[in-house]
Amino acid sequence: MKTIVMPGNPSCQGCPHAIGLKALGLALEDFVLVIPAGCSTIIAGIHPKATLNVPVLHVPFASAPAVAAGISAAFKRENKKKNVVIWMGDGGADIGFATISGSAVRNDDIIVIVSDNEAYMNTGIQASGTTFWKAKTTTSPAGKREDRKDLAAIMLMHRVPYVATASVGYMNDFIKKLEKVKSIKGFRFIHLHSPCPPGWRFDSSKTVEIARMAVKCGAWILWEFDGKFNLSPASKPYKDKNKRKDLKDYLKMQGRFKGLSENEILEIEKAIDKQWKYIECFENI
Amino acid sequence: MKTIMTGNQAVAEAVKLSRTEVIAAYPITPQTVIVEKLAEMVDSGELDAEFIRVESEHSALASVYGSAVAGKRSFTATSSHGLLYMYEMVWWVANARVPLVMAVVTRTIGPPWNIHTDHTDILTMRDSGWIISMAENVQEAFDLTLQGFKISEELNLPFTAGMDAFQLSHTSEVVEILDQETADSFLPERRQCYVFGEENTTIGSLAPNECTAKLRKDTFETMLKADKTIDKVSKEYEEITGRNCGLIEEYRIDDAEYAVVMMGAWSGDAKDAIDELRKEGIPIGLLKLRYIRPIPQKRIEKVLEGREILVLDRDCSMGLGGIIGTELKSFMDDITNVIAGIGGVDVGVNELTKLFRKFSEDKLKDEVIFLEVI
């Protein structure tokens with residue numbers, strides 16, 4: 001256990017990546033980080049200073065899992081037990097989707113963490129494949145019309161040893177999952193929910209609160225597959241729709257949903273319900 | 001040991017003899033056989049290496065970037081569209097100063113789809129900081145690949161071993177292959193100025209502009225003096241094999257009034273054409289470029305001084321001329337530049353003889369010859 005995110009790093013106030021990266025240091029012992037283009041490129045600091053207290057290799061946007069596969073192959077040649085961990089955003093996961101998929105198919109011995117802030121934040125809040133329904137971004141100024149893709153579910157269908165979702169609002173759950181994956185061999189994937197204060201338009205003190213609210217209203221579902229599919233304890237109560245917090249409360253905390261009509265909120269609710277139906281199916285596998 | 005093999009097989013053999021530890025590749029005609037052969041070698045245990053079966057060329061070069069940066073001798077191969085698909089990584093690898101070797105089997109860029117040779121694809125790498133070599137025959141493809149690792153590791157620059165589609169990749173020729181012991185004595189264990197993962201270092205992070213400029217300056221200066229490393233390595237190789245694979249090759253040029261400059265497989269046909277014309281008493285010779293980066297300006301100037309010069313390009317910079325012709329024009333005067341063989345259009349001994357004769361009659365002007373030499 002060590003502090004890997006050093007004080008004075010240039011992340012925004014309330015940045016979820018800084019929270020998530022901390023968990024890596026708490027859970028993993030011997031690892032290297034591969035970071036493709038994104039907010040974390042900045043957070044890692046400007047030469048000659050560095051803010052992450054582990055070996056970091058910065059790589060082109062779409063390349064991270066392929067580079068990590070090469071590093072992992074090199075480590076294997078020397079019987080090094082280091083974990084190769086990718087820390088990428090939803091942008092890297094969009095542009096590098098074929099690369100993630102190829103790596104999963106090969107069952108490369110790497111850990112992929114997608115810290116998903118639901119838009120391309122580093123370039124200034126443009127919609128991504130995982131941008132929340134109806135969310136306003138600079139490329140969806142009237143609200144995103146398309147559906148959002150369920151990245152973790154897609155990775156689950158690659159039949160890899162480990163897939164999970166996590167949230168920066170539930171650090172114990174995230175750390176527990178990281179502790180589990182560190183000794184699993186092969187391709188391991190964690191989709192981390194990371195609310196972004198400037199991107200989602202909320203006060204920087206509310207990151208954790210909003211992350212927790214996303215789980216409580218059922219919009220973000222915590223689960224794990226390690227050979228068996230399990231709903232994580234924090235999400236279990238919300239399988240029962242009646243126990244979920246009011247979706248409106250989650251939406252109104254964020255400027256990106258400003259001006260949503262009742263109808264639009266209903267559409268989001270339906271999309272969330274549909275998401276849960278998939279989860280129920282996965283539970284029965 | 002003398003044997004018969006295609007260019008693709010010879011490159012795979014050189015990669016094996018180099019004790020390459022990580023190979024990542026994606027198939028593309030006409031390079032595919034190289035990686036098929038290597039996959040077989042790894043599967044059968046003939047080659048003790050990791051083979052990463054990537055899903056794209058971008059990932060092929062990305063993976064060997066990862067293994068090379070983590071300290072392992074690494075290899076990939078590609079061609080044409082594959083090279084363009086990995087173009088981002090081409091620059092990244094060079095700017096990161098990571099030694100590795102990539103074979104590029106030159107192939108026309110579409111549309112229309114075309115699997116035959118021209119040199120435009122490999123020349124897109126020209127400004128990136130890769131050492132770029134181009135073989136004339138299967139033997140050179142083998143020799144350059146083997147030497148590539150040593151040159152790359154001494155300079156901390158990536159190395160391209162280029163060869164023409166089908167004319168070399170799929171044509172069987174007699175090749176002399178080194179035994180493992182000789183290869184080992186020529187190529188020492190891999191060296192690298194930094195290895196990722198050993199210390200808490202950050203590689204490739206954001207940096208002040210001056211830092212980028214300083215790094216580019218360093219690459220520029222390394223490329224400027226790369227000729228000395230290539231001289232040294234090719235001399236070492238020559239001492240072992242008797243074969244010189246230096247920056248340039250001079251063919252019947254000492255007393256030539258007319259000098260042809262070109263690179264790649266068709267240089268072999270050019271030699272035959274020159275022999276024909278020499279029989280007629282035409283004083284013509286060839287300067288073959290075995291490397292396009294580094295480009296040995298002074299040596300080229302010295303060899304060509306006082307002669308009529310024809311640069312023959314199998315590549316094209318649209319609206320300007322041949323890429324090699326344009327290069328030479330940047331430091332020499334009075335060059336005639338002809339583009340031919342684009343899209344794999346056959347230009348053999350007969351066509352070259354006609355073309356060179358016309359050149360020796362001072363009737364040749366800069367032109368692009370698409371289909372036939374008039």
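Predicted model: local features only at pLDDT ≥ 70, side-chain atom pairs only at ≥ 80, totals over all residues.
Residues are numbered from 1 along each chain as its sequence is written, chains are lettered from A in the order in which they are written, and side-chain values use heavy atoms, leaving out hydrogens and water.

Let's start with chain A as a whole. It has eleven helices and eight strands (DSSP runs numbered from the N terminus: H or I with at least four residues for helices, E with at least two for strands). Buried residues make up 59% of its 285 residues, where buried means under 20% relative accessible area with a 1.4 Å probe, counting protein chains only. The C-alpha trace spans about 60 × 45 × 30 Å along its principal axes.

Now zoom in on strand S1 of chain A, residues 31–36. Six of its six residues are buried, so the strand is largely enclosed by the rest of the structure. One side carries Phe31(A), Leu33(A) and Ile35(A), the other Val32(A), Val34(A) and Pro36(A). S1(A) runs parallel to S3(A), residues 83–89, with four bridges joining them (strands pair if DSSP finds at least two bridges between them). Within S3(A), Val85(A) is the bridge partner of Leu33(A). Four bridges also join S1(A) to the parallel strand S2(A), residues 56–59, where Pro36(A) has Val59(A) as its bridge partner.

Over in chain B, Ser18(B) sits in the loop between helix H1 (7–17) and strand S2 (22–25). Ser18(B) is buried, at a relative accessible area of 1%.

Note on methods: Buried < 20%, exposed > 50% of the residue type's maximum accessible area, 1.4 Å probe, protein only.
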